[in-house]
Amino acid sequence: MSPRHPDAPLEVDGVPALLAPTTGPMHAGLVFRVGLVDEPLARRGITHLIEHLAAYVPGRAAAHRNSRTGVEHTYFHVQGTEDEIAEFLTGVCERLRNLPAERLAGERDALRAEAAGQPADPMPMWRHGARDFGMSSYPELGLPQLRPQHLDDWVNRYFTRDNAALWVGGDAIPAGLKLDLPGGERRPAPAPSSALPDTPAYFCGDSGVLAWDTVVPRAPVAAVLANVLERRMVRDLRDRDGHADRIRTRYEPRADGTARIVAIAEPGPERADAALAGWVRLLAAVGAGQIDEDDVTAVAELTRAGLRAADERGARLPGQAFNLLTGHPVQDLDEALAAVRAVTRDDVVKAAETAYRGGLLMTPAGTDADLPGYAAAPAASAEAVPGRVRRGRRHRELRLVSGPDGVSTIDGDTVTTVRYDACAALLAWPDGGRQLIGHDALTVRAEPTLYRRAGELTAEIDARVPAEVRVELTAREPEAIPQPPRRARWWLRRG
């Protein structure tokens, strides 16, 4: 059921294609090598907005069509007859050529509503900062100021026939399919940045979720490790009543030859400390090579069974198209099965050692975060920029320093700095409040209401931050504007 071997490639209107028969309904997809990693923070949401505009079909039920903007890829998928597949994907390309600008406002609202029900994953931001692979931690800040010209420029850069691939699960390429896309060039994914000077590392989360992630070489052994880890956690971290903590793991391959392994649990507040202690012990044991041969064998068997079932349905095709698009080998089923069959316990042990050394742990809110062997992820800067010092109003420990190189806040012993040449975004409110977000994800709040002699602060920052990173925000309610702490009454200050 695997697609035609790449020695005999298919093309549709210049777009490389994969074709494979399927036991289920005919389906097809068009994927582009563009995603969240490509967006600067001030334009966050542009790819998702284009995806919505291109996928929209007026007056039609969307039960068998879907689209998605991912970390590295954006795709459009459809299931149905040959005519339905050809009509939808041809229409996607037509709408990319001429985006329906009249739908901008409506789709912006739809994206805001969609985001409201999706909690952010803070792990990428702590690992990578406010760029490339850290973008998935941030809201779609760019939506309000995106204009048709911004969208057209993005389409011409990324949504091209040279940056696309097609997959079809069926007997033939639909006869009426036309992929009329502009020419361009293949866009490699950016190399992942790092905001972690040392690993294993940890940070304190602001929810009850316990999470761990790592980055390892992309290989079948890493996928096996992810499932061995889940199996081990579910079995070993049960409470006295036999309940596990809603544990799940994911394996996320990347275009650059690495992969992310993620493990998540929701232990509940009454079990948070015990769950954290158990996770730390288990991760250390797995990192030290304490892995059961039976777990490796069981996971490998389940993986091979899953590959066979997915191949019959044509469900391997999207991943194969992603590989085709990013220059990775397109394996047929026998090759994929052989690669998993070759994984040994010793291979998994070596992969686990690498995974542990690169790990990042998010502890649940309110738990004891003193973790031997883990470095605290940076939550402050090493030094302040030189410049003018403004003292806090009714806050002796608070100072703001602004100079030609950037802005710093000093609160007691904590220093936070954003340099202008490493500013990912400047959030600007009409009342003069400013928030600078650095490439390392650290933020500086420059609120004139909080500092003495701050009349020129807003103009100074605005003049020095590049216009392309500026994000204009709507007016805040008066109660949302930060104010200095109230003075304590004299009888409370005595003594």
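**Charged pairs and overall form**

Modeller: Arginine 250 counts as partly exposed because its relative accessibility is 35%. Please bear in mind that this is a predicted model.

Biologist: Which side chain meets that of arginine 250 in a salt bridge?
Modeller: Side chains of opposite charge can pair when their charged atoms come close. For arginine 250, the N to O separation in the salt bridge is 2.8 Å.

Biologist: Which helices hold arginine 235 and aspartate 295?
Modeller: These two residues form a salt bridge, with the closest N and O atoms 3.0 Å apart. Because arginine 235 and aspartate 295 belong to separate helices, the pair ties together parts that are 60 residues apart in sequence. The helices are H6 (residues 220-236) for arginine 235 and H8 (residues 293-313) for aspartate 295.

Biologist: In which helix do glutamate 460 and arginine 464 both lie?
Modeller: Glutamate 460 and arginine 464 form a salt bridge, the closest N and O atoms being 3.0 Å apart. Glutamate 460 is buried at 18% relative accessible area, whereas arginine 464 is partly exposed at 35% relative accessibility. The two residues are 4 apart, about one turn of the helix, and that helix is H12 (residues 457-464).

Biologist: Which residues do salt bridges that share partners join into one network?
Modeller: A search of the whole structure finds 30 salt bridges. Shared partners link some residues into one network, including arginine 250 and glutamate 252. The complete network is Asp121, Arg127, Asp213, Arg250, Glu252 and Arg260.

Biologist: What radius of gyration does the protein chain have?
Modeller: The C-alpha trace spans about 85 × 60 × 35 Å along its principal axes. For 495 residues, a compact globule would have a radius of gyration near 23 Å, and the value for this chain agrees with that. The chain has 26 Å.

Biologist: What percentage of contacts between residues at least 6 apart in sequence join residues at least 24 apart?
Modeller: The chain has 13 helices and 20 strands, and buried residues make up 50% of its 495 residues. Among the contacts in question, the share joining residues at least 24 apart is 74%.

Definitions and conventions. Residues numbered from 1 in each chain as written. Predicted model: local features only at pLDDT ≥ 70, side-chain atom pairs only at ≥ 80, totals over all residues. Heavy atoms only, no water. Rg over C-alpha atoms; globule rule 2.2 N^0.38 Å. Buried < 20%, exposed > 50% of the residue type's maximum accessible area, 1.4 Å probe, protein only. Contact = heavy atoms within 4.5 Å. Salt bridge = Lys/Arg side-chain N within 4 Å of Asp/Glu carboxyl O.
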